[in-house]
Amino acid sequence: MPRGVGAGAVGGVGEAAVVSGSFARKGPDVGDYRVSHLDALEAESVFVFREVMAEFDRPVLLFSGGKDSIVMLHLALKAFAPAPVPFPVMHIDTGHNFAEVLEYRDRRVKELGLSLVVASVEEGLASGLVSEQPDGVRNRIQTPVLLDAVEKHRFDALFGGARRDEEKARAKERMFSFRDEFGQWDPKNQRPELWSLYNARVHPGESIRVFPLSNWTELDVWNYIARERIDLPSIYFAHEREVVERDGMLYSVGEHLFAREGETVRTERVRYRTVGDATCTAAVASDAVTVEAVIADVASTRITERGATRGDDRVSEAAMEDRKREGYF
């Protein structure tokens, strides 16, 4: 329970009650007061942003232009309004981006006057920090680039958009996820978070990954986008795109991904549930061109967005956990 919500919901004996998952309070002058499910999630996330600013010296928000990082940025704006967002945003740029997402990232950063840090995998390849993988997928080699940027800029807290409903390794994460001096994550070395009390102590070189959306689901995110009328890149809505079917998923054919021998390129009406490296992120067939239609799509599916569209998560049962142990988001 978010502390801000809990404190506001508790009064004298008999004054507060929980009704259908919402907090209700009655008073002689106030009448009925209810906090919706989305309001409670928002309050928790806003509290986490403020807690980080109170505890850490150099936080940064990981911002890719994807829906989860966009919602995080929206929450950060609310948390510190009317002041500007008091930390920079950082994009780990694989060089294999969707054009619509990069356009949105740059436009939003300019609109809000944000400080943008770009950690480039292309530059990491040129410097010898990382090496190109045989399959051409750059998701795994993002990790050394991320850790290098953290060390260079001395970031001690990194806001990430991971949610526990996405993948079983991410379900093990705490809201404040401790990383050692090598940026690595040990699922057995996680700190308790009883009563929304967060342990922010770190030694020099250590850091915390902070996940304000931990308790949100994909459906929560889309309902919040609808309620707040948050602008998104067009790639999240149905459009026609040339694709190939590979391992049961629809991959966009373009400058970063080519059809293999025996594959047939066809035009499909698709949308993206998540965005990342274009070489391992697939689309889903859809006619949803509005937020409301996407919500209906999401409500009817039983496969998470990563399970349905991220080829790198299918390498093994523990693919995500292995990457997280190395320092991945």
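Start with the second largest pocket of this predicted model. It holds about 430 Å³ of space. Select Val 150, Phe 155, Pro 204, Gly 205 and Glu 206: of the 22 lining residues, these are the closest to the pocket's centre.

Next, colour helix H6 (142-153) and strand S9 (207-210). These are the elements that give two or more residues to the lining of this pocket. H6 gives the most, with three residues. Now colour the lining of the second largest pocket by class.

Move on to helix H3 (residues 67-80) and helix H4 (residues 99-112). Their axes lie 13 Å apart, and the two helices pack at an angle of about 5 degrees. An angle under 35 degrees counts as roughly parallel, so H3 and H4 are roughly parallel to each other. Show the side chains where they meet. From H3, pick Ile 70, Leu 73 and Leu 77; from H4, pick Tyr 104, Arg 108 and Leu 112. Five residues of this contact are nonpolar, one is charged and none is polar.

The crossing of H3 and H7 is left-handed.

Which residues of H3 and H7 make the contact? On H3, select Lys 67, Asp 68, Val 71, His 74, Leu 75 and Lys 78. On H7, select Glu 218, Val 221, Trp 222, Tyr 224, Ile 225 and Glu 228. By class, the contact of H3 with H7 has six nonpolar, five charged and one polar.

How values were computed:
Residues are numbered from 1 along each chain as its sequence is written. This is a predicted model: local features need pLDDT of at least 70, side-chain atom pairs count only at pLDDT 80 or more; totals for chains, interfaces and linings use all residues. Side-chain values use heavy atoms; hydrogens and water are left out. On a 1 Å grid over the protein atoms alone, a cavity is a set of points where a 1.4 Å probe fits but cannot get out, and a pocket is an open set with protein on both sides within 12 Å along at least five of seven lines; lining residues have an atom within 4 Å of a point. Grid points are joined across faces, edges and corners, and a volume is the space filled by probe spheres set on the points. Helices (H or I, at least four residues) and strands (E, at least two) are DSSP runs, numbered from the N terminus. Axes are lines fitted to C-alpha atoms, for helices over the stretch in contact, and angles run from 0 to 180 degrees between N-to-C directions. Angles under 35 degrees count as roughly parallel, over 145 as roughly antiparallel, 65 to 115 as roughly perpendicular and the rest as oblique. Contact means heavy atoms within 4.5 Å. Ala, Val, Leu, Ile, Met, Phe, Trp, Tyr, Cys and Pro count as nonpolar, Asp, Glu, Lys and Arg as charged, and the others, Gly among them, as polar. A crossing is left-handed if the near helix is turned anticlockwise from the far one by less than a right angle, and right-handed if clockwise.
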